[in-house]
Amino acid sequence: MLLLRCPLLLLLLPLSSRPQKLPTRDEELFQMQIRDKAFFHDSSVIPDGAEISSYLFRDTPKRYFFVVEEDNTPLAVTVTPCDAPLEWKLSVQELPEEASGEGSGEPEPLEQQKQQITNEEGTELFSYKGNDVEYFVSSSSPSGLYQLDLLSTEKDTHFKVYATTTPESDQPYPELPYDPRIDVTSLGRTTVTLAWKPSPTASLLKQPIQYCIVINKEHNFKSLCAVEAKLSSDDAFMMAPKPGLDFSPFDFAHFGFPSENNSGKERGFLKSSSKFGRQTSSKPRVDLHKVCIGNKNIFTVSDLKPDTQYYFDMFAINTNTNMSTAYVGTFARTKEEAKQKTVELKDGKVTDVFIKRKGAKFLRFAPVSSHQKVTFSVHSCLDAVQIQVRRDGKLLLSQNVEGVRQFQLRGKAKAKYLIRLKGSKKGASMLKILATTRPNKQSFPSLPEDTRIKAFDKLRTCSSVTVAWLGTQERNKFCIYKREVDDSYNEEQKKREQNQCLGPDTRKKSDKVLCKYFHSQNIQKAVTTETIRGLQPGKSYLLDVYVIGHGGHSVKYQSKLVKTRKFC
């Protein structure tokens, strides 16, 4: 038989008429029960000193019970709405005499209590309507049968309830400091630094507290329960970053939380899983992230979008009880992107442009005379870049450019052209651009579609290699250069050196093999071969072909790595 030594008793409503006793907070039994989640699942019982989570269907009330046996008993009840406002009411009825003491073990007293619950409303002690975490606290509560009624009129929702008769000693929720606000201490275009005062639960009571930050672009949250309800239960949370590293969740174009790359995996994101057999891919993406950072009380969130408002919430979590308290949330708008300086293009003059990784540059072309057509020639030295051309605000062109491209657009009197160049995601971009209203003014040489150099393996000897490359119908000058490289030289090193804008003037004179002119009116026959002699047996060489246009501008073909035979 369990001893009734604790003032708060749990009432489990009988499903049949067999004898039942009122459960009590026998400490050993209580600890065993709260570890068993099934014990209180979907029950009308509120256990003393443990938080329960449950679910409300819209417009369907739910009632919970507990018993306080002795008068002048301290009592605290906390109700936490999650994803919808709640209406809740706490009331008390007189405790039947048969329910006090140790209980008789007979069925009648409990049946009488059930009848009272059905027929009497009791005395209302407290009521609330809203989505705040709300408390009822009394240092001296009367004995009686307490009932908590909850209702959601907005939608189906989750909620949490905590009740205790020993609020002074339990203290499961972290205490907030005297100033519970989050301060924005630094604000940049892509970063926000936050600071907050530590919880006294950690600094004074020495209990283990960790802080979790929630970032989103919609609104502040009043509880961690509301955050977790916003995110589906199978969404991933981010683990604490390594010491010295702050959170950078916004690598994505979508928000600044991980996108196509695997940065999420590197930062400890768990893989999403399907729940109840449903496909997670059909869910709309939630612009909401939570990161737990240990016991730090200053933190920088980075990789945010410029000129965007973000909401920041901080939750102190007692890791012993896994219960949380919300600081007063804040919001901040990141600074605007620095205004880009617009480069003026001169008619017929090549302009060099450097763009940072993922950056952009703006150029302006304003012809001084009337014109029927305008030509833009772009030479991307490294990776592909994106070009957009607007005439008096109207978009005329938007394309990716790799190598050399030429665009001819219809002109307009007194028109002004704005060119936006966007760099590569892989790294910095370099390019050359020319704008002209004179169609015959071409600084860049024409190129074939295929700019590879082909080596003939069967014609390879110990001292020579034979190669071929394509030309065009336009007569151009071609120069071929060679450079001996180590056997360890590989394609990755060759790729890093593939700056097509570096011309023959950057090469050593000893690297030069020859220069020649060629073209063919029949594009199918615009191909030339060349044998490079005087090479060393068993050595590797890097071959480069440069085509030089009429304006003196050169373009490098794709480099070719060849090796002479070791034995002949």
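This tour visits a charged surface patch and several aromatic ring pairs in a predicted model.

Residues are numbered from 1 along each chain as its sequence is written, and side-chain values use heavy atoms, without hydrogens or water. Because the model is predicted, local features need pLDDT of at least 70 and side-chain atom pairs count only at pLDDT 80 or more, while totals for chains, interfaces and linings use all residues.

Select Arg 357, Lys 358, Lys 422 and Lys 425, which form a positive surface patch (residues with over 30% relative accessible area and no salt bridge, like charges being joined within 9 Å; a salt bridge is a side-chain nitrogen of Lys or Arg within 4 Å of a carboxyl oxygen of Asp or Glu). Then centre on Lys 358, in the loop between strand S19 (351-355) and strand S20 (360-365) (strands are DSSP runs of E, at least two residues). Lys 358 counts as partly exposed because its relative accessibility is 43% (buried is under 20%, exposed over 50%, partly exposed in between, with a 1.4 Å probe and protein chains only).

Tyr 55 is partly exposed at 31%, whereas Phe 57 is exposed at 51%.

Continue to Tyr 64 and Phe 159, an edge-to-face pair at 6.3 Å and 75 degrees. Tyr 64 lies in strand S3 (residues 62-68) and Phe 159 in strand S9 (residues 157-164), 95 residues apart. Both Tyr 64 and Phe 159 are buried.

Finally, select Trp 469, Phe 478, Phe 518 and Tyr 557, a cluster linked by ring pairs.

Definitions and conventions. Patches are made of residues with over 30% relative accessible area and no salt bridge: like charges are joined within 9 Å, nonpolar side chains (Val, Leu, Ile, Met, Phe, Trp, Tyr) within 5 Å. Accessible areas come from the Shrake-Rupley method with a 1.4 Å probe; for residues, only the protein chains shown count as cover. Lys and Arg count as positive and Asp and Glu as negative; His and the chain ends are not counted. The place of a charge is taken as NZ of Lys, CZ of Arg, CG of Asp or CD of Glu. Helices (H or I, at least four residues) and strands (E, at least two) are DSSP runs, numbered from the N terminus. Rings of Phe, Tyr and Trp (its six-membered ring) pair if their centres lie within 6.5 Å; planes under 30 degrees apart count as stacked, over 60 as edge-to-face and the rest as tilted.
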